[in-house]
Amino acid sequence: MPELSVLNLAPLRQGQTAAQAIDSMIRLAQEAEQIGYLRYWIAEHHNTAALVSSATQVLIGHTLAHTRRIRVGSGGVMLPNHSPLLVAEQYGTLDTIYPGRVDLGLGRAPGTDQLTAAALRRHSGDVVWTFPDDVRQLQRYFAAEDAQGFVRAFPGTGRNVPLYILGSGTESAYLAAELGLPYAFAAHFAPRMLETALAIYRREFRPSAVLSRPYVIVALNVIAADSDEEAAFLATSQQQFFLNVVRSSSRPLLPPVKSMDGLWTESEAAAAQQMLACSLVGGPETLARQYGILNETLRPDEWMAVSYIFDEQKQSASYRRFFELADNA
């Protein structure tokens, strides 16, 4: 059975303050831990009023402080926005306080628009192209004493914080394979290249000191409910969220509606549904059928579920249903 984990973008629900949204993020982490999920990752986004996940490392530390066992990490740190040394110091510190519970997922995109990316980045060059070198620097900063140079991460040296390469295309698949690192694909919003990227990663993978065989994580959307009708109703919050993406708007996560008719155009619906193609939505029988097909087709080592459900209790119930389904499959 694949491992099961949770990804949270820390959305701001309609009517919530930022502090309340962070409280919701913590409650979900505690619920995920109680259910039995392996890890809980928090994404990094900037200049996005609908999300409160800009200071990812702060939220990770806050989540670690309010949980006991579950692994907590970044899904991911958008490395072009950060100095590798600073990332090593931050996550080395987190791992020092919470040893063995910290993950460091790394992405090559800025996680924002180009103007905001320019405001975030540490120099004016296109640092996306330095991503492979930045990852290698991080590996060195976390390595043993004899692998260090003059510049070191304190704390960080010798911590061996596990690194994961994130991607939504093929470039990161090649890098993860070359470095022998786990690969997490963002199928929850960009599923188009999913099968191609996984095939590249598995074919090109080189064993490393941290991994002897490929390790694939697939992030997907999950809306699990008592019936197909209820799931379809709850999923309209997710559809409205992705309509925001299509329109480049920043509305918070909205309550479900009876129908999306009239809320989006035909072209907007097509664009949003394309991003949502890797989703499980339904009651128990439908969800089990959908899960069986995806699991057999993709054969991941780990599923990472994202659940955009407005009602927090129904969101928790969805995560519980998905865990029980996958655990018994």
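In which strand is the place of G76?

Modeller: G76 is in strand β3 (residues 71–78); helices (H or I, at least four residues) and strands (E, at least two) are DSSP runs, numbered from the N terminus. This is a predicted model, in which local features need pLDDT of at least 70 and side-chain atom pairs count only at pLDDT 80 or more, while totals for chains, interfaces and linings use all residues. Residues are numbered from 1 along each chain as its sequence is written, and side-chain values use heavy atoms, with hydrogens and water left out.

The bond between G75 and G76 is a cis peptide bond, with omega about 0 degrees. Another cis peptide bond joins F154 and P155, where omega is about -10 degrees; P155 is in the loop between α5 and β5 (163–167). Most residues other than glycine have a negative phi, and most peptide bonds are trans. S248, not a glycine, has a positive phi of about 55 degrees. S248 is in the loop between α8 (228–247) and α9 (266–275), and its 69% relative accessibility makes it exposed (buried means under 20% relative accessible area, exposed over 50%, partly exposed in between, with a 1.4 Å probe and protein chains only). R299 also has a positive phi, near 50 degrees. R299 lies in the loop between α10 and β9 (302–306) and is exposed at 54%. Apart from neighbours within four places in sequence, R299 contacts R202 and L294, contact meaning heavy atoms within 4.5 Å.

R39, in strand β2 (residues 39–42), is buried, with a relative accessible area of 4%. Its contacts, leaving aside neighbours within four places in sequence, include R71, D103, Y164 and E302.

The whole structure has 11 aromatic pairs. Rings of Phe, Tyr and Trp (its six-membered ring) pair if their centres lie within 6.5 Å; planes under 30 degrees apart count as stacked, over 60 as edge-to-face and the rest as tilted. F241 and F242 form an edge-to-face pair, 6.0 Å centre to centre with 65 degrees between the planes. F241 is buried at 9% relative accessibility, and F242 is buried at 2%. The ring centres of Y291 and F322 are 5.9 Å apart and the planes are at 80 degrees, so this pair is edge-to-face. The pair links distant parts of the chain, 31 residues apart: Y291 is in helix α10 (residues 284–298) and F322 in helix α11 (residues 312–328). Y291 is buried at 2% relative accessibility, and F322 is buried at 0%. Ring pairs also link Y183, F185, Y201 and F205 into a cluster.
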